[in-house]
Structure formats: C-alpha cells, structure tokens
Amino acid sequence: MSLINTQVQPFKVNAFHNGKFIEVTEESLKGKWSVLIFMPAAFTFNCPTEIEDAANSYAEFQKAETEVYIVTTDTHFSHKVWHETSPAVGKAQFPLIGDPTHQLTRAFGVHIEEEGLALRGTFLINPEGVIKTVEIHSNEIARDVSETLRKLKAAQYTAAHPGEVCPAKWKEGEKTLAPSLDLVGKI
C-alpha cells in the first residue's frame, strides 16, 4: 500500500539539534512542511555527502517554511558525535533523528530487516501531517537535494492552487496546467 496522501502515524523519537537533544513526534511535523530524509546509518560513506547537500540548501528550505529531518537507525548520541567529528555533518542545522528501535524506518517502509538499517527514503509531508511525495531507492545511490526542493515547491504550489498540476521538470514560476478535456491528446 502506498503512503501517498496518508497521515503520518504517531511516533516519538530523540534527535540531536543545534547542540542539544530534543524530542520529535508526529506533532512536530504539523503546522509547516517537513522533509524526512532517511539514511542507512551514521558514519557511512554517502550519508555525509547528502547531509552536506541538505545543509548547503537549508536556507532555501527555511525560506519555503519547511523543516528538514535526517533519520538514521543510530541513536541521537551517535548523531551528536557524528555532528562534532564530520565536517560535512557538522554543517547541519536541522534535527538529526535517531531511530534505534526502527519505529520510523518501519512506519515509512524503508527498513532493511536483515541489516537493521534504512534504505534511502525521502518524504515530503504537508502542514497537516499528510505524506505528499515518496522516493525510496537503493543505498549506493545518493540523492540530489535540488530535486527534493523542486518537488517541495511543486507540492506547495499545487496545495495553494487546487485544480492545477505541475508538468515534468516544472520549476517555481513556470507555467502549470489546468487539467481539462480540452488538453487530452493535445500535449
């Protein structure tokens, strides 16, 4: 079953954020857009490159009134040390969620049972706590956060403009489509 347009299920986890430990729940995601970025584990190879990519674009997420959350199967204590020792991870100003019980990885369908790790998954969640996009892929392929930003802006646009859709490769400010019988077979 797809998670698209479903409500995020209740959860409670700990995170390392800006020098302290915080609690994150499904309620933390409400009231603004959220991006959950699942990674296999701390202290791996591709993961710091993805965190640095998200950190370099964090101002754009904040401008779009969106919080970024990184989730791995490690503890929030590991994330503290990871943040302090990795120059790439040290750039993160967003919460680094620990999911050692695998509550989130299982709820979002990215858990690898035999490894106890997560697949690379990216989820855009609207301010009501509803999942709007899902991207899950194999761990050897790192993501490009610019595509996540593009999808976020498209989801925000269509939420604010019911009855319009964003075509392929749509970027903020470009023309959208208003689906109608007149367009069928003409694009």
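**View 1. Asn 14 and its bridge partner in β5.** Asn 14 has Gly 98 in β5 as its bridge partner. The model is predicted: local features need pLDDT of at least 70, side-chain atom pairs count only at pLDDT 80 or more, and totals for chains, interfaces and linings use all residues. Residues are numbered from 1 along each chain as its sequence is written, and side-chain values use heavy atoms, without hydrogens and water. β1 and β5 (residues 96-98) are antiparallel and pair over three bridges. Strands (E, at least two residues) and helices (H or I, at least four) are DSSP runs, numbered from the N terminus; two strands pair if DSSP finds at least two bridges between them.

**View 2. The hairpin of β1 and β2.** β2 (residues 20-25) runs antiparallel to β1, joined to it by six bridges. Glu 23 in β2 stands opposite Asn 14. Two residues lie between the strands of this hairpin, and Asn 18 in the turn has a positive phi of about 50°.

**View 3. The largest nonpolar core.** Such a core is a set of buried (under 20% relative accessible area, 1.4 Å probe, protein chains only) Ala, Val, Leu, Ile, Met, Phe, Trp, Tyr and Cys residues joined through side-chain atoms within 4.5 Å. The largest has 25 residues; among those touching the most other members are Ile 51, Phe 61 and Ile 70. At least two residues of this core come from each of β3 (33-38), α1 (46-56), α2 (58-63), β4 (66-72) and α5 (145-160). A second, separate core has 18 residues, including Val 13 and Phe 123.

Note on methods:
Buried < 20%, exposed > 50% of the residue type's maximum accessible area, 1.4 Å probe, protein only.
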